[in-house]
Amino acid sequence: MNLSRILEIDILGDDRGNLSVIENQVHVPFEVKRVFYIYSTKQGVCRGFHAHYKTRQALISVSGSCKVFLDNTIRTDEVLLDAPNKVLILEPNDWHEMYDFSEDCVLLVLASELYDSKDYIRDYNKFLEVYSKKTQEV
Ligand code: T46
């Protein structure tokens, strides 16, 4: 079973400021088919609350910060995304919840698949049913 992980990408800085780069299958371990970003999140709001069947994702807080709770049926984790060079790779089997968004948070998400509402597992018991079995097979 794949596990979520944090990657740190290079900061290419000079006297003008910083630049970071993400290339397909180089800095993220999948082909990027879709990009979206979450911003102007209201205070106290939590988002996510799902896993996926197929989609892999890379989450980067390019401005501000937020936290991500992860549960892959074997372990849970809380990750603080607070730097534009910190990339959280989410595997399909990662149940995830995002919260504690700062007012200026812009959460950039790179996804391995085009949008398909059928790829979402929004019921936690269904998530356990799908992925606990796979965990036992590992
Ligand atoms: C995820 C986390 C990190 C689309 O029409 N196309 C899209 O590509 C996306 C991502 C969303 N939508 C629509 C579906 C909903 O009507 O936008 C609305 C909000 O999406 P959702 O409630 O799924 O947003 P989050 O923040 O709970 O989850 C999103 C992604 O959907 C999801 O894949 O892993 O960010």
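Visitor: What volume does the second largest pocket have?

Guide: The second largest pocket has a volume of about 160 Å³. This is a predicted model, in which local features need pLDDT of at least 70, side-chain atom pairs count only at pLDDT 80 or more, and totals for chains, interfaces and linings use all residues. Residues are numbered from 1 along each chain as its sequence is written, and side-chain values use heavy atoms, with hydrogens and water left out.

Visitor: How is a pocket defined?

Guide: Rolling a probe the size of a water molecule over the atoms shows where empty space is left. On a 1 Å grid over the protein atoms alone, a pocket is an open set of points where a 1.4 Å probe fits, with protein on both sides within 12 Å along at least five of seven lines; lining residues have an atom within 4 Å of a point. Points are joined across faces, edges and corners, and the volume is the space filled by probe spheres set on them. The lining of the second largest pocket includes Ile9, Ile11, Ile60, Val62 and Leu108. That lining divides into 9 nonpolar, 3 polar and no charged residues (nonpolar: Ala, Val, Leu, Ile, Met, Phe, Trp, Tyr, Cys and Pro; charged: Asp, Glu, Lys and Arg; polar: the others, Gly among them).

Visitor: Which residues lie nearest the centre of the largest pocket?

Guide: Phe36, Ile38, His50, Met98 and Tyr120 do, out of 16 lining residues. Strands E2 (34-39), E3 (47-52), E4 (57-63) and E8 (95-99) each give two or more residues to this lining, strands being DSSP runs of E, at least two residues, numbered from the N terminus. E3 gives the largest share, 4 residues. The largest pocket holds about 240 Å³ of space, and its lining has 8 nonpolar, 5 polar and 3 charged residues.

Visitor: Where does the ligand sit?

Guide: The ligand sits in the largest pocket, meaning that more than half of its atoms lie within 2 Å of the pocket's grid points. Around the ligand are 13 residues, of which Arg34, Arg47, Gln57, His96 and Tyr120 come nearest (a residue is near if one of its heavy atoms lies within 4 Å). E3 again supplies the largest share of this shell, 4 residues.

Visitor: Which side chains place an N or O atom by an oxygen atom of the ligand?

Guide: A polar contact is a pair of N or O atoms within 3.5 Å. The side chain of Gln57 has such an atom 2.6 Å from a ligand oxygen, and that of His50 has one at 3.0 Å. From Gly48, a backbone N or O atom lies 2.9 Å from a ligand oxygen.

How values were computed: Polar contact = N/O pair within 3.5 Å; in protein donor to acceptor, adjacent residues only side chain to side chain.
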